[in-house]
Amino acid sequence: MLLVLLALLSADTLPPVPGVAIERRLAAHFSVAVGDTIAVTPEPGGAVRRFVVEAVYEPRPDPATALRNEYHIRFHLPDLADLLGHPDRIDRMGVAAVAGIAADSVAARLDQRAFGYRAFASDVIAAESSRTFAVVSRFHRAIGVIAIVASAVFLLCIMLLKVEERRLDAAVMRLIGISRATVVRAFVLEATLIAAVGSVLGVGLAALAGVLTNWGYQRRFDTTLVFSYLTPDIMALGVGLSLLLGIGAGLLAARRLVAANPLALWRRAA
Amino acid sequence: MTGALVFRNLARHPIRTGLAVLGIAIAAALLLDMVMLSGGMERSFSRMLLSRGYQIRLSPQGTLPFDSEAVIPGATPLVATLRTDPDIASVGPVVATPIHVRTAGSTLTVVAYGIDPAGQGLYELERGADLAPGDTTGLLISEPAARAAGWAIGDTVTVFGRLDPQSAEPGAERRLTVRGVVRFLYDARDQRSVAAAFSVVQQFGSLAARDPASMVMVKVRDDALVDAVAARIAAAHPTVEVNSIAMLVAQFRGRLAYFQQLSLILATISLVVAVLLVGTILSITVGERLGEFAVLRGIGIRRSRIVRMVVLEGAALTALGVVVGLGLGLVAARYLDDILTAFPGLPAAISFFVADRDSVIRAGAAVLAAGTLAAAYPAWLAARAPIALTLRAEAE
């Protein structure tokens with residue numbers, strides 16, 4: 001009889017349990033589903049409150065938080081304020097300006113109106129929060145420059161050797177009356193072909209590396225964030241640089257070869 | 001004799017040799033930078049954390065020190081309990097909160113650290129006087145804070161906690177006298193920070209009634225006891241996160257795993273480039289000199305000597321590249337470090353590229369070994385060439 005009374009009391013008189021939304025990774029980690037009740041405390045050993053999971057959500061991929069491996073729960077604002085013991089307090093709020101009004105001027109007016117907060121236009125916050133990625137970008141660019149210098153030297157070296165290997169051919173061509181310009185054109189064409197084939201292979205290798213990078217990091221951090229993009233711009237830059245360096249190196253080596261006396265070339269080759 | 005022959009052969013093609021040396025130098029420089037990057041962050045982070053000898057950090061459970069606004073409640077009894085442990089030499093509670101000061105015409109926000117002068121591992125005094133135990137009216141300031149607020153030692157300043165949004169009335173207000181200028185060990189570049197007595201800064205936070213601490217630093221008498229003391233504290237205070245420096249370094253490593261993986265990938269690529277470069281150049285050179293090797297074999301030079309000669313040629317080429325490359329790598333590391341240490345909020349004491357003898361030796365030895373190994377195939381080609389056939393082909 002007492003149990004029934006308690007059940008009726010709880011159904012009719014107890015306040016409803018507030019709801020929360022939890023992110024998918026957290027739900028998967030603790031095997032929690034929509035409709036489950038979870039116990040939450042603001043600090044270890046603190047007062048426990050119960051909440052019903054009303055939704056499981058997938059957070060928008062954010063590079064600023066993806067690597068931190070933190071879990072997130074979304075509360076209704078009054079519920080969180082009550083849980084933390086800070087009624088009527090917020091950390092930040094978003095303000096939408098009327099269309100046509102500059103966000104900067106609204107922020108300036110808000111700053112003049114009251115104390116205890118600072119107002120920022122969204123682009124200011126975006127610029128500030130993307131500083132980390134700007135640093136990473138600069139680092140990548142620096143490493144890219146080193147890689148380009150290294151590949152330029154490598155390519156020049158290989159082209160020089162390739163053309164020098166053809167001393168006998170160059171000597172024969174020159175001795176049978178083929179002009180210097182034609183010999184240079186032939187070698188440059190060969191260098192272009194080698195650079196083109198190398199570029200295509202390089203793009204393929206980069207695409208494969210990108211796929212592997214995304215697969216590995218997405219699994220590791222359980223995120224849908226894309227870590228490696230191979231855009232047409234990047235491909236064009238890579239292929240363009242390779243062709244430029246390849247043709248340049250081939251031209252340099254070929255001109256060096258045709259500048260020599262054909263008989264001397266013949267003797268060296270023989 | 002073999003050595004002289006090797007250098008004469010390299011000198012026969014100065015452009016080819018020069019380009020190969022340059023290519024190997026760039027590969028060696030990149031490898032050195034990546035070796036420095038892979039271990040440098042950890043070493044520099046560990047050095048920074050241990051700079052005042054405190055080997056253990058206590059933070060709110062589930063967080064790392066200063067990783068969130070969470071606090072450890074009941075700091076005073078916790079610190080008192082820790083100080084009774086005979087293995088603990090010193091305990092330094094820290095509470096941090098933003099505070100405000102009025103300067104000419106505006107309000108300046110600075111980070112305030114509450115410390116206990118009897119045990120602090122947060123700063124080093126640069127000039128002036130330190131806070132004395134029990135000094136609740138003194139203030140220590142960082143150089144950037146002094147510059148921004150125009151403070152000097154001996155000035156008396158008014159600081160206050162959060163302002164009421166409507167009335168602009170400060171929540172808590174204190175007049176403090178600047179005693180000295182200090183360097184905060186964990187501050188980012190140009191971070192404006194001040195330090196005052198623990199109990200004074202506690203009042204400025206929103207949780208003053210709960211006797212909060214943001215972090216507690218613990219110095220253990222004997223380094224060998226650090227893990228045991230950390231485990232003992234964790235067992236006695238289950239609501240607090242206890243981390244030794246080794247644990248914090250492991251956490252740091254996890255967060256910066258990207259740079260470690262990048263350094264591993266680029267180091268591997270630079271070694272592959274060195275191998276390809278030396279291997280290709282020597283293969284072509286050997287191909288051009290097959291007749292010469294056949295003659296040497298014909299006059300009785302043993303195969304092993306020919307192999308030694310080609311391998312030595314590869315090693316000499318690589319060694320020249322390594323010497324140039326290591327210097328180049330040290331210069332490039334400074335430039336790359338300047339880029340990465342511009343990360344917002346990164347403590348000024350952290351470096352990504354730390355140059356030490358071990359890194360230089362490891363990088364140099366790896367490139368040298370790779371280059372020498374790359375000479376193995378051309379050496380085999382040179383040694384196995386049949387004497388009669390090669391000489392006949394050369395004669396034709």
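This is a predicted model: local features need pLDDT of at least 70, side-chain atom pairs count only at pLDDT 80 or more; totals for chains, interfaces and linings use all residues.
Let me start with the contact between the chains, to which chain A contributes 26 residues and chain B contributes 35 residues. On the side of chain A that touches chain B, the residues divide into 19 nonpolar, 3 polar and 4 charged.

From there I would turn to the nonpolar cores. The largest of them has 88 residues, and those with the most contacts inside it are A:Cys157, B:Ile24, B:Ala28 and B:Leu31. Which helix gives the most to this core? That is helix α2 of chain B, residues 14-49, which supplies 20 residues. Apart from this core lies another, of 50 residues, with B:Tyr54, B:Val95, B:Val159 and B:Ala196 among them. As general background, nonpolar side chains in soluble globular proteins tend to be buried together.

If we leave out residues up to four places away in sequence, A:Cys157 touches B:Leu19, B:Ala20, B:Gly23, B:Leu277 and B:Ile281.

That brings me to helix α7 of chain A, residues 131-165, which packs against α8(B) at an angle of about 15 degrees, with the two axes 11 Å apart. Because angles under 35 degrees count as roughly parallel, α7(A) is roughly parallel to α8(B), and the crossing of these two helices is left-handed. On the side of α7(A) the contact is made by A:Ile143, A:Ala150, A:Phe154, A:Cys157, A:Ile158, A:Leu161 and A:Glu165, while α8(B) brings B:Leu266, B:Val273, B:Leu277, B:Thr280, B:Ile281 and B:Ile284. By class, the residues of this contact are 11 nonpolar, 1 polar and 1 charged.

Helix α8 of chain B, residues 257-288, also packs with helix α12 of chain B, residues 376-384, at an angle of about 15 degrees and with axes 8 Å apart. Here too the angle makes α8(B) roughly parallel to α12(B), but α8(B) passes α12(B) in a right-handed crossing. In this pairing B:Gly279, B:Leu282, B:Ser283 and B:Val286 of α8(B) meet B:Tyr377, B:Pro378, B:Leu381 and B:Ala382 of α12(B), and the residues involved divide into 6 nonpolar, 2 polar and no charged.

Now to the single residues, and to backbone angles in particular. Most residues other than glycine have a negative phi. Against that background, B:Asp190 has a phi near 65 degrees, a positive value in a residue other than glycine, and B:Asp211, which is not a glycine either, has a positive phi of about 55 degrees. B:Asp190 is placed in the loop between β7 and β8 of chain B, whereas B:Asp211 lies in the loop between α5 and β9 of chain B. Are these residues buried or exposed? B:Asp190 is exposed, because 12 other C-beta atoms lie within 10 Å, whereas B:Asp211, with 20 such atoms within 10 Å, is buried.

Lastly, A:Arg49 lies in strand β3 of chain A, residues 49-57, and counts as partly exposed because there are 16 C-beta neighbours inside 10 Å. Leaving aside neighbours within four places in sequence, A:Arg49 is in contact with A:Val40 and A:Leu83. A:Arg49 and A:Asp79 are 30 residues apart in sequence, and in space their C-alpha atoms are 9.8 Å apart.

Key
Residues are numbered from 1 along each chain as its sequence is written. Chains are lettered from A and ligands numbered from 1 in the order in which they are written. Two residues are in contact if their C-beta atoms, placed from the backbone, lie within 7 Å. Ala, Val, Leu, Ile, Met, Phe, Trp, Tyr, Cys and Pro count as nonpolar, Asp, Glu, Lys and Arg as charged, and the others, Gly among them, as polar. A nonpolar core is a set of buried Ala, Val, Leu, Ile, Met, Phe, Trp, Tyr and Cys residues joined through C-beta atoms within 7 Å. Helices (H or I, at least four residues) and strands (E, at least two) are DSSP runs, numbered from the N terminus. Axes are lines fitted to C-alpha atoms, for helices over the stretch in contact, and angles run from 0 to 180 degrees between N-to-C directions. Angles under 35 degrees count as roughly parallel, over 145 as roughly antiparallel, 65 to 115 as roughly perpendicular and the rest as oblique. A crossing is left-handed if the near helix is turned anticlockwise from the far one by less than a right angle, and right-handed if clockwise.
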